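Here is a briefing on one chain, grouped by topic. Please look over the sequence and model first.

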Amino acid sequence: MPQSRREQIVREVMARCQAAIAPVIVLRQPVTAIPREQAPALVVSIVSDAPVKRSNDRMERELVLRIIGHARDPTDGYAVADDLLCRAHSALLLDATLGGLALNVAEMDSDYQAEDADVEAIAIPAYYRITYRTLVSDISQGG
């Protein structure tokens, strides 16, 4: 079964993040709260994926990912979450083509509003825009 180029990119992002922050876990878009015993953790979520420009039989697309460093550390949760994001950032931008899957990875503005959680929970977000190309007729093929 072929995977879309979007899915290939998300899996590559997760693998790079996991390698950068091991043994801390990387979760993909969890639908429930992260249990205390799983923190610290890094969460990767798809914010959007949009076609932006067509050229003949190719479509340029922009995938926006939200990567969140989660920590539950009563002494310095902000430092723990920030460290996770720093290591993930370095892993993503070391090769901004993600091994040829993308045209570019770019950091975007981040929203640092507090998230609803208990006293010790910290969540720091970062957003990345990944530009990639597919065939118009086949989103599993790079263009």
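Leu98 is found in the loop between H2 and strand E4 (104–107). Helices (H or I, at least four residues) and strands (E, at least two) are DSSP runs, numbered from the N terminus. This is a predicted model, with local features needing pLDDT of at least 70, side-chain atom pairs counting only at pLDDT 80 or more, and totals for chains, interfaces and linings using all residues. Residues are numbered from 1 along each chain as its sequence is written, and side-chain values use heavy atoms, leaving out hydrogens and water.

- Most residues other than glycine have a negative phi, and most peptide bonds are trans.
- Leu98 has a positive phi, near 50 degrees, and is not a glycine.
- Leu98 is buried, at a relative accessible area of 1%. Buried means under 20% relative accessible area, exposed over 50%, and partly exposed in between (1.4 Å probe, protein chains only).
- Gln29, also not a glycine, has a positive phi near 40 degrees. Gln29 sits in the loop between E1 and E2.
- With 37% relative accessibility, Gln29 counts as partly exposed.
- Ala22 and Pro23 are joined by a cis peptide bond, with omega about 10 degrees. Pro23 lies in the loop between H1 and strand E1 (25–28).
- Another cis peptide bond joins Ala39 and Pro40, with omega about 0 degrees. Pro40 is in the loop between E1 and strand E2 (41–55).

**Helix packing**

- Two packed helices are described by the angle between their axes and the distance between the axes.
- Helix H1 (residues 5–21) packs with helix H2 (residues 77–93) at an angle of about 125 degrees, and their axes are 8 Å apart.
- Axes are lines fitted to C-alpha atoms, for helices over the stretch in contact; angles run from 0 to 180 degrees between N-to-C directions.
- H1 and H2 are therefore oblique to each other. Angles under 35 degrees count as roughly parallel, over 145 as roughly antiparallel, 65 to 115 as roughly perpendicular, and the rest as oblique.
- On the H1 side, Val13, Arg16, Cys17, Ala20 and Ile21 meet Leu84, Arg87, Ala88, Ala91 and Leu92 of H2. Contact means heavy atoms within 4.5 Å.
- By class, this contact of H1 with H2 has 8 nonpolar, no polar and 2 charged residues. Ala, Val, Leu, Ile, Met, Phe, Trp, Tyr, Cys and Pro count as nonpolar; Asp, Glu, Lys and Arg count as charged; the others, Gly among them, count as polar.

**Nonpolar cores**

- In soluble globular proteins, nonpolar side chains tend to be buried together.
- The largest nonpolar core has 29 residues. A nonpolar core is a set of buried Ala, Val, Leu, Ile, Met, Phe, Trp, Tyr and Cys residues joined through side-chain atoms within 4.5 Å.
- Ile9, Val13, Cys17, Leu42, Ile67, Leu98 and Ile130 have the most contacts inside this core.
- At least two residues of the core come from each of H1, E2, strand E3 (58–72), H2 and strand E5 (121–135).
- Apart from this core lies another, of 6 residues, including Ala41, Val43, Ile68 and Ala123.
- Leaving aside neighbours within four places in sequence, Ile67 contacts Val13, Cys17, Leu42, Val43, Val44, Leu85, Leu92, Ile124, Pro125, Ala126 and Tyr128.

**Contacts across the sequence**

- Gln29 and Arg66 are 37 residues apart in sequence and 9.4 Å apart in space, C-alpha to C-alpha.
- Beyond its neighbours within four places in sequence, Gln29 is in contact with Val43, Val44, Ser45 and Ile46.
- Ala96 is in the loop between H2 and E4. Ala96 is partly exposed, with a relative accessible area of 22%.
- Setting aside neighbours within four places in sequence, Ala96 touches Ala102, Leu103, Asn104 and Val105 by the contact criterion.
- Gln8 belongs to helix H1.
- Ser4 lies in the segment before H1 and, at 14% relative accessibility, counts as buried.
- Neighbours within four places in sequence aside, Ser4 is in contact with Ile139 and Ser140.
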